[in-house]
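Good morning, colleagues. Please turn to the sequence and the structure that I am about to show.

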Amino acid sequence: MKTWIIRIVVGVLALALISVLGVSAWLVERFNASKPRESGEVSLSTLENPAHVVRDENGIAHIFGETDADVMTALGYVHASERYFQMDLARRYMRGELAALFGEDYLRADAQTRTYGFRALTEDIVANLSDETRALMQAYVNGVNARVSEGSVAPEYAVLRTAPEGWSLEDSAAIVVLLANDLAAGAGPDMDRALLDDILSAEQLAQFTMSFPDWAPTMLKAEDMRARFGEVQTQPLPPAEAPAAQSDNQPGSNAWVISGERSETGRPLLANDPHLGLSTPAIWYYVRLNLSYGPVVGGTVPGAPFVILGRNAHAAWGFTNTGFDVIDILERTRETETITTRTEAISIKGRSEPVTITVEETEDGPILNPEWFDLRGFDEDAIIVRRSTVTAPGNRVADATLAIMQAQSFDEFVEAGRGWTAPMQNMHFASEDGTIGYTTAGLLPIRDENGDWTGFVPFDELPRVRNPQGGFIASGNNLVAGPDYPYALPGSYATYRAPRIEELLNARERHTLESFTSLQMDVTSLQALRLLPVLLGSEPESQLGAEALAKLEAWDGALNADGPEALIYSAWLRVLSGAIWNDELDTLAVAFNQPRRAFLEEVLTGEAAAWCDDVRTDAVETCAITAGLALDAAMAETADAFGRDMNSWRWGDMHVADFDHPFDSLPLIGAMFANRVPVPGDGATINVAHFSYASGSYDVYHGASLRAVYDLSDLNNSLYMFAPGQSGHPLSPHHGDLAPRWAAGEYFEIRDDWDVASAPEGSHVLSLTPQ
């Protein structure tokens with residue numbers, strides 16, 4: 001009897017092992033089959049003439065073709081080869097179709113996206129395309145679909161046991177809308193104020209959502225605004241919400257440009273590092289497109305055929321987020337609104353029937369359904385409407401981006417933005433003729449005393465400057481302009497990076513590529529330098545707290561990866577922030593467990609010191625007492641996690657950039673998709689590296705998604721970097737090869753002075769031929 005049982009058990013285990021081995025072998029075969037082709041020859045029925053894709057030693061794609069349409073077809077083929085799953089997820093998010101792939105957990109996200117009406121917007125964008133842009137986008141779409149039709153387009157589909165759909169013009173438009181929506185500001189602060197209004201006094205609410213501080217610089221200077229608009233403001237300013245200091249957890253970026261008088265070469269230098277969520281693969285895909293009007297080099301977003309950030313043969317440009325308030329969450333009375341309805345059917349993996357939702361819409365925008373949106377704090381008897389410039393009709397961003405790629409002068413660069421609706425970006429520019437400039441494009445609402453939109457700032461009166469008197473324009477997501485600009489600029493603005501950038505720009509008479517790359521990698525925290533004098537006066541009671549305080553007394557404020565000081569400081573601020581406002585916020589504290597850097601400084605050094613008192617106790621705690629107790633608690637927690645020997649602590653051991661992938665937590669195969677690397681800095685340093693207070697770890701989720709420095713004396717000297725790597729395929733050598741170099745502050749060139757026949761050593765040539 002026992003023998004038969006043993007035989008049965010052995011047989012079951014053997015079958016299980018065979019099944020596992022069989023599945024593993026099948027996955028290995030599927031993974032290998034989906035690897036992108038880097039050399040040889042491929043015939044495409046959608047190609048008019050031969051094209052060539054040369055991948056250099058970093059995997060950067062240099063694309064050559066006889067016509068611009070051929071180049072775009074090849075770009076579509078390459079994007080699909082390297083990044084199709086990424087493209088598909090972005091498309092599904094914008095369509096509201098994630099639940100069909102991943103199951104019911106994504107129903108809420110799909111319902112929210114369907115409510116916003118993005119699908120109709122993508123159709124509107126396609127309808128508005130010029131003939132030239134439509135033809136190039138269609139060539140790109142043809143290239144994408146040529147690769148999809150070959151099969152085995154990405155390894156993720158083998159894991160999910162599903163096949164991808166083809167690509168369309170509307171899908172490429174969805175990529176544009178995705179960026180616009182992610183970068184649009186306004187909804188978060190409105191939701192926050194609704195939550196806080198019932199539990200904070202008017203004075204407390206004003207402090208907690210404090211205005212942009214007077215000591216921080218605006219990007220555009222008063223003398224340049226007066227030169228453009230005159231001493232007297234040309235528009236009356238209605239009462240408006242003051243520009244707010246953001247809580248430093250919003251999308252951000254750095255960019256600065258200097259005139260030739262400020263550079264060693266006598267020509268401008270421009271730097272840009274957009275800050276976005278870190279992911280595997282990266283949001284950007286670097287290319288060199290050899291087009292009829294010359295080379296265009298820079299970052300594309302897979303799914304769309306445009307170089308969004310980069311340079312052409314004559315000029316370079318970089319973007320940062322304006323932070324302008326372009327989304328309102330409104331309380332309205334149902335009886336006073338004209339309401340229409342539409343139904344949306346959402347398919348869910350594992351269900352035979354879709355879930356049907358009804359979306360109500362007003363003239364200002366959709367009504368948010370509390371089943372899908374967190375509407376705590378709003379009047380339960382009101383309808384809550386989302387008004388946004390993102391979904392405004394008439395979007396011509398695709399045409400505008402193509403025009404930017406072709407712009408050789410500042411006038412052409414500015415004019416390219418006409419018809420751009422969203423996202424509003426700070427657009428820095430430099431050309432080889434020595435011109436530097438700044439502009440923005442998009443719909444900037446003008447509000448009356450009731451907050452209603454009465455129109456938009458005319459395109460010709462948007463913030464703009466050519467060759468500023470100071471010789472530079474620097475953006476760290478700070479307030480764009482002060483009262484000398486004749487329109488109100490409500491929004492959310494970062495505080496500490498811009499003054500540090502200006503300080504370092506002014507620290508030397510003339511700059512070089514090397515000084516610019518050093519500036520991009522700067523991790524000295526202006527916030528730390530401003531807070532340390534008061535923090536060092538705190539009163540810890542524990543031995544660990546006293547030891548930590550002694551280490552910070554000699555600290556220079558640089559959050560380097562080596563050494564314990566950055567960890568001590570970061571752990572302290574995380575605990576101290578909660579100690580300052582958790583008692584006032586009570587049950588809402590979990591919703592605001594995030595840095596509020598400018599507010600924290602106002603509490604510790606300004607007129608909001610009353611927040612240091614714990615309202616739950618009878619005693620009145622001073623900031624020195626509260627900070628000391630917070631240091632004791634933070635050091636006890638850190639010692640429990642990392643040991644009591646403070647000299648062994650290293651910021652880089654705990655502060656790790658995590659390039660997220662949907663599969664990186666899966667057993668057995670998850671490690672193939674994961675990319676992690678230690679980094680310095682924090683959310684207030686120029687070299688941004690945000691971590692979440694709520695997560696309980698110091699993992700970095702938001703940082704420099706790419707870095708570029710453009711030399712207008714010779715654009716081939718320009719420097720680039722991004723992470724984790726060019727390819728989205730886990731078996732590619734370029735899946736994560738750039739992450740360590742990105743963290744270390746290294747750069748590479750993308751030159752345009754060679755062709756297919758003279759490609760650099762180590763390049764791989766893929767020839768695409770018409771069928």
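Predicted model: local features only at pLDDT ≥ 70, side-chain atom pairs only at ≥ 80, totals over all residues.

The buried residues of helix 20 are Cys623, Thr626, Ala627, Gly628, Ala630, Leu631, Asp632, Ala634, Met635, Thr638 and Ala639. Among the elements that cover these buried residues are helix 17 (543-553), helix 18 (565-585) and helix 19 (597-605).

Helix 20 runs over residues 623-642, and its end C-alpha atoms lie 28 Å apart; this agrees with expectation, because 20 residues at 1.5 Å a residue should span 28 Å. After helix 20 comes glycine 643, which has a positive phi near 95°.

I turn next to the disulfide. The structure holds 1 disulfide, and this bond joins cysteine 612 to cysteine 623 with an S to S distance of 2.0 Å. The pair links distant parts of the chain, 11 residues apart: cysteine 612 sits in the loop between helix 19 and helix 20, and cysteine 623 in helix 20. The link is right-handed, with 95° about the S-S bond.

Are these two cysteines buried or exposed? Cysteine 612 has a relative accessible area of 1%, so it is buried. Cysteine 623, at 15%, is also buried, because the cut-off is under 20%.

Finally, I come to serine 253, which is found in strand 5 (residues 252-258). Serine 253 counts as buried because its relative accessibility is 6%. Its side chain reaches the backbone nitrogen of histidine 275 at 3.1 Å. Leaving aside residues up to four places away in sequence, serine 253 touches several others, including Asp273, Pro274, Phe319, Asn477 and Arg497.

Note on methods:
Residues numbered from 1 in each chain as written. Heavy atoms only, no water. Helix = DSSP H or I, 4+ residues; strand = E, 2+ residues; numbered from the N terminus. Expected span 1.5 Å × (residues − 1). Buried < 20%, exposed > 50% of the residue type's maximum accessible area, 1.4 Å probe, protein only. Contact = heavy atoms within 4.5 Å. Polar contact = N/O pair within 3.5 Å; in protein donor to acceptor, adjacent residues only side chain to side chain. Disulfide = S-S within 2.5 Å.
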